[in-house]
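I opened my notebook today to look around a protein fold, one entry at a time.

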Amino acid sequence: MNSNEKKSKRKIIIRLLLFCIILFILWLLFIFLFMSKDRDIQPREVSNTKHVLEQKNASVNRNDTGNANIELPSQSSEEAGVEVTPDPYAISKDSSLKHKEITDIRSRMKEPNINMKSPKKNVGNKEAFIYFSHNRESFLPYFSNATKPEMAYHSAFNVSLVGERLGKALKHYGIRNNVSDADIITMLNEMNLDFGHSYDMSRQLVLEEKKKNHHAEIFFDIHRDALRKENTTAVINGKAYAQILFVVGTGHPNYQANLEFANTLHRLLVANYPGLSKGVLLKDNTQGNGVYNQDLSPKSVIVEIGGVDNKLDELYRTADALAHMVSQY
């Protein structure tokens, strides 16, 4: 074989090697893109929730496994889990309330309704922390004049009452807990920050709790939805309850643990209080904060309890039911 033939053969071998290398790179690229796409759709499959609410009337369907299937259309102020920005006036000055109605309900439902088939349990050192990123979210039936969701805010009569009820009910089931009394609006004002930084402020609360209480394991951020009553109320055994929606942020790498926790609570509610839980809503950083401080604990979740039109007795019944299911968890 002469030198020209050797050079020609060498060129052919080099070209074949380059072709093989290119094919290998293309194969790796295809595998990478396929796995990335699979990761993107996996959370929706795990969540067991396809979210669909019509613009005015919510429709909650139940599949054969008992999981809530709720579908959400394009974003609007009428959707579940939407974070409505309060009217500046509503958070700067409290509107007048119907104090007699509030006092009547609170005195009538002073003690949690505890399921006697679920006695107090020894839960070891595990504790819950209940806090409120939007602690002034309130309820329109008790306002003298306010009628719009963005006006339903109050410094004293607000969603923190529902959190306090949840904490009281949890203690009846033997679950120790702390309920935050921090006012996020005051914290924001002191830092000269707007309402959009609410989760930055509540993050401080969670970090402080974790620092001083190493037994804190479950973290509930209690909210109320901006939806109207027909979309936030369920009737169970003849009594009205404020419906629950769990919100899990997917904007951090470890959200699957929070999702599993929320799904477990949802399934327990479906089995014991049919219609009470609307399911688990996944939100990334294009739909809001996206993390919601849930990167700080694997058992952390936002719990939307009711909406702007729910009454205190409906909210209290739901807090009692949720405590019951946490005790079963």
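Which residues in H7 meet which residues in H8? I found Leu-265, Leu-268, Leu-269 and Asn-272 on the H7 side, and Ala-321, Met-325, Val-326 and Gln-328 on the H8 side. To meet here is to be in contact, with heavy atoms within 4.5 Å.

**Entry 1: ground rules.** I noted that this is a predicted model, where local features need pLDDT of at least 70, side-chain atom pairs count only at pLDDT 80 or more, and totals for chains, interfaces and linings use all residues. Residues are numbered from 1 along each chain as its sequence is written, and side-chain values use heavy atoms, with hydrogens and water left out.

**Entry 2: the whole chain.** I looked up 8 helices and 10 strands in the protein chain. Both are DSSP runs numbered from the N terminus: helices are H or I with at least four residues, strands are E with at least two. Of the 329 residues, 48% count as buried. I wrote the cut-offs beside that: buried is under 20% relative accessible area, exposed is over 50%, and partly exposed is in between, with a 1.4 Å probe and protein chains only. Taking contacts between residues at least 6 apart in sequence, I saw that 76% join residues at least 24 apart.

Entry 3: H7 covers residues 255-272, which is 18 residues. From its first C-alpha to its last it reaches 26 Å, close to the 26 Å expected at 1.5 Å a residue. That expected span is 1.5 Å times one less than the number of residues. I listed some buried residues of H7, among them Tyr-255, Leu-259, Ala-262, His-266 and Leu-269. My reminder for reading such a list: an α-helix has 3.6 residues a turn, so residues three or four places apart point the same way.

Next I looked at how the two helices cross. The axes of H7 and H8 come within 10 Å and cross at roughly 115°. Axes are lines fitted to C-alpha atoms, for helices over the stretch in contact, and angles run from 0 to 180 degrees between N-to-C directions. H7 passes H8 in a right-handed crossing.

**Entry 4: H3 against H8.** At what angle do H3 and H8 pack? I found about 30° between H3 (residues 99-108) and H8 (residues 312-328), with their axes 10 Å apart. The two are therefore roughly parallel, a label for angles under 35 degrees. Their crossing is right-handed. Ile-102, Ile-105, Arg-106 and Arg-108 of H3 make the contact with Leu-312, Asp-313 and Tyr-316 of H8. This contact has 4 nonpolar, no polar and 3 charged residues.

**Entry 5: Phe-157.** I placed Phe-157 in the loop between strand S3 (127-131) and helix H4 (160-172). With a relative accessible area of 4%, Phe-157 is buried. Setting aside neighbours within four places in sequence, I found Phe-157 in contact with residues including Ile-102 and Leu-312. Both names were already in my notes, as part of the contact of H3 with H8.

**Entry 6: two residues in one loop.** Tyr-292 is in the loop between strand S9 (277-283) and strand S10 (300-305), and Asn-293 lies in the loop between S9 and S10 as well. Phi is near 55° for Tyr-292 and near 65° for Asn-293, and each is a positive value in a residue other than glycine. Tyr-292 counts as buried at 0% relative accessibility, and Asn-293 counts as buried at 3%.

**Entry 7: buried or exposed?** I ended with two more look-ups. Is Glu-209 buried or exposed? Glu-209, found in helix H6, is buried, with a relative accessible area of 3%. Not counting residues up to four places away in sequence, Glu-209 touches Phe-129, Asn-178, Ala-216 and Phe-219. Val-235 lies in strand S6 (residues 233-236) and is exposed, with a relative accessible area of 62%.

Definitions and conventions. Parallel < 35°, antiparallel > 145°, perpendicular 65-115°, else oblique. Left-handed = near helix turned anticlockwise from the far one by under 90°. Nonpolar A, V, L, I, M, F, W, Y, C, P; charged D, E, K, R; others polar.
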